Each structure stands twice: as structure tokens, then as C-alpha cells.
Amino acid sequence: MQLRPRHLINSADIELWPAWLLRARRGADARALATADWVVRSRDGAYLATIAARGRIHPLPPLQSSRDAETWRALARDADAPHAPVRTLPMHGLERRLLELGLDAEEYAQRTGLMQIPEPSRLALAGFDRYRRPLWLGAGAGRAWNRMRAAAADDGIALDAISGYRSHAYQMGIFARKRARGLSVDDILAVNAAPGFSEHHSGDALDIGSDGEPPAEESFERTAAFRWLTDHAGDYGFQLSYPRDNPHGIVYEPWHWRWID
Ligand SMILES: [Zn+2]
């Protein structure tokens, strides 16, 4: 029997999700999902089709063209290849979309010293986060996270993942919703990195929490978990990205750690 897929596959236009990690959004899709290996989603999360054994495609409405189906099949074949290389995706219209939302990406990059971070073509399932959502990370970061988490547990410290990989589309959605609610670009950027500039796009960064602590609060710095990370995270390749008074003007984020290969 084939093992259930444990990767998230990205292309510029679509994502392939392991079907077992998703729930049908309409009753009519449930059977297609139950028998599928993969679900094809648009980058903003809409279900387009399922892919079952031998590349059998079951389109979910809205119907797509058969040209799309061949592209999806090819991605699913690559996804099943055990050591398929990880590429980064083109940045694809990001700057134009940011400009529409009132943000000049070039000016932002210069002002903050942050770089645009492309999305990887493949992410690995690194477990589940605090909210029981799949935790997607690059393969190396995922292994390092699980080793670090086990070592912390041996020392009596429970580390929680709050959030790992996030796509450009996801971050763009947050940004666009806040703009629509009337927040200014500067207000949003005080809390969120601009879409395309978050380390979470790389699959190598994650937000870490600990039991009973609210997520992503500065108070995390006073926990035993943070003290443990300060002493040991470096042994696993993780470092704090945004210490106090960092040169990027990003608020102090004791919860945000990046794995350096
Ligand atoms: Zn973060």
C-alpha cells in the first residue's frame, strides 16, 4: 500500500495538498476527497480537482480546462518522486499587487533591509500546530524542529508550533482584509511583514509558543521555553530573527525563530 502523501506542493498558480489533510467543503466532494491522493487548490485556497491513483483527475466545480489537468498530473508525478528537487517559485505579479494595496515594494525593501522571499515548490509535513492544523516546513527545518522539540521535552519543556510556512497569497489576504477595514499601510506593517517579505514564506521560519501562553506576545520572553530556546536553539540551527532593536524596524519577536541551513 502506498503511504499517504506528506508534502505540500506549490506552483505559481496552484497547490497540491494531501487529500487526507483536508475536509470536503461540499457534501458532493466528500467521496472524491476520500478516494484521492491529492487535492488541487488555487493559491487562494479554492478546491479545483482531486487526483487519485494513476493520475485520475476528478474536477471539482468550477470546471477547469483539460490543459490544466495535464499540468496537475505532472505536478502529482513529481510530488510522488521521493527526492524531487525543491525549486523556488517566481515572484509573479507580487509587486504590482502590493502597489494596488498602496505599498511600494522597492521602497519598503530599501527602508527595512528586508528581502523578498520566494515560496519553495515543496514543503514537508512537520507535524501539527497548536490548533491541530498541518505544520508545513522545508524538509531540513522540519527535521530540526522535531529534534529540538524532542530534546526540549526531555528537559521538561513543551514547545508548541504556532505557525510555520505561510504562502504569499495567505499573507496578501491578511494585508488586503486589513486595508479593506480601513487600516493604513503603516499600521499594518507595524505588526505584519509585507506580503512576499515574511520569513514564513521560506518554510524555514516558525513561531514557537508554550503551554498556557498566548501566541505571539512579548511575554513569551519570560517563559521557561524561551530560556531553553535561548540556550539550545542554536544547537539545532535555529536563531531569533527579530531581537530587540533589530535593524529592520520589526517589533521584538521572541517567538519567531528561523532555521539556518
Ligand atoms: Zn513569525
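**Figure 1. H201 in a loop of the predicted model.** H201 sits in the loop between α7 and β9; helices (H or I, at least four residues) and strands (E, at least two) are DSSP runs, numbered from the N terminus. This is a predicted model, in which local features need pLDDT of at least 70, side-chain atom pairs count only at pLDDT 80 or more, and totals for chains, interfaces and linings use all residues. Residues are numbered from 1 along each chain as its sequence is written, and side-chain values use heavy atoms, with hydrogens and water left out. Is H201 buried or exposed? Its relative accessibility is 0%, so H201 counts as buried (buried means under 20% relative accessible area, exposed over 50%, and partly exposed in between, with a 1.4 Å probe and protein chains only). Setting aside neighbours within four places in sequence, H201 is in contact with several residues, including I117, P118, E119, P120, Y165 and H168. Contact here means heavy atoms within 4.5 Å.

Figure 2. Which residues coordinate the zinc ion? They are H200 (NE2), D207 (OD) and H256 (ND1), at 2.0 to 2.1 Å. Donors are N, O and S atoms within 2.8 Å of the metal (3.2 Å for Na, K and Ca); water is not among the atoms, so sites may look incomplete. Along the sequence, the spacing of the donor residues reads H-x6-D-x48-H. H200 belongs to the loop between α7 (185–189) and β9 (205–210), while H256 belongs to strand β11 (residues 256–259), so the pair ties together parts that are 56 residues apart in sequence. H200 and H256 are both buried.

Figure 3. Helix α6 (residues 168–180) has 13 residues, and at 1.5 Å a residue it should span 18 Å; its end C-alpha atoms are 18 Å apart, which agrees. The expected span is 1.5 Å times one less than the number of residues in the helix. Look for the buried residues of α6, which are H168, Q171, M172, G173, I174, F175, A176 and K178. These buried residues pack against α3 (94–100) and α7. After α6 comes G182, whose phi is positive, near 100°.

Figure 4. Q171 is found in helix α6, and it is buried, with a relative accessible area of 3%. Beyond its neighbours within four places in sequence, Q171 is in contact with R166, N192, A193, P195, S198 and H201. R179 is also found in helix α6, but R179 is partly exposed, with a relative accessible area of 30%. Not counting residues up to four places away in sequence, R179 touches L101, S184, V185 and I188.

**Figure 5. A105 in helix α4.** A105 lies in helix α4 (residues 105–112). With a relative accessible area of 4%, A105 is buried. Leaving out residues up to four places away in sequence, A105 touches E95, L98, Q116 and F197.

Figure 6. Rolling a probe the size of a water molecule over the atoms shows where empty space is left. The second largest pocket holds about 790 Å³ of space. On a 1 Å grid over the protein atoms alone, a pocket is an open set of points where a 1.4 Å probe fits, with protein on both sides within 12 Å along at least five of seven lines, and lining residues have an atom within 4 Å of a point. Grid points are joined across faces, edges and corners, and a volume is the space filled by probe spheres set on the points. How many residues line the second largest pocket? There are 36, of which H7, R122, L123, A124 and A139 lie nearest its centre. The elements giving two or more residues to this lining are α2 (66–80), β6 (122–128) and α5 (139–154).
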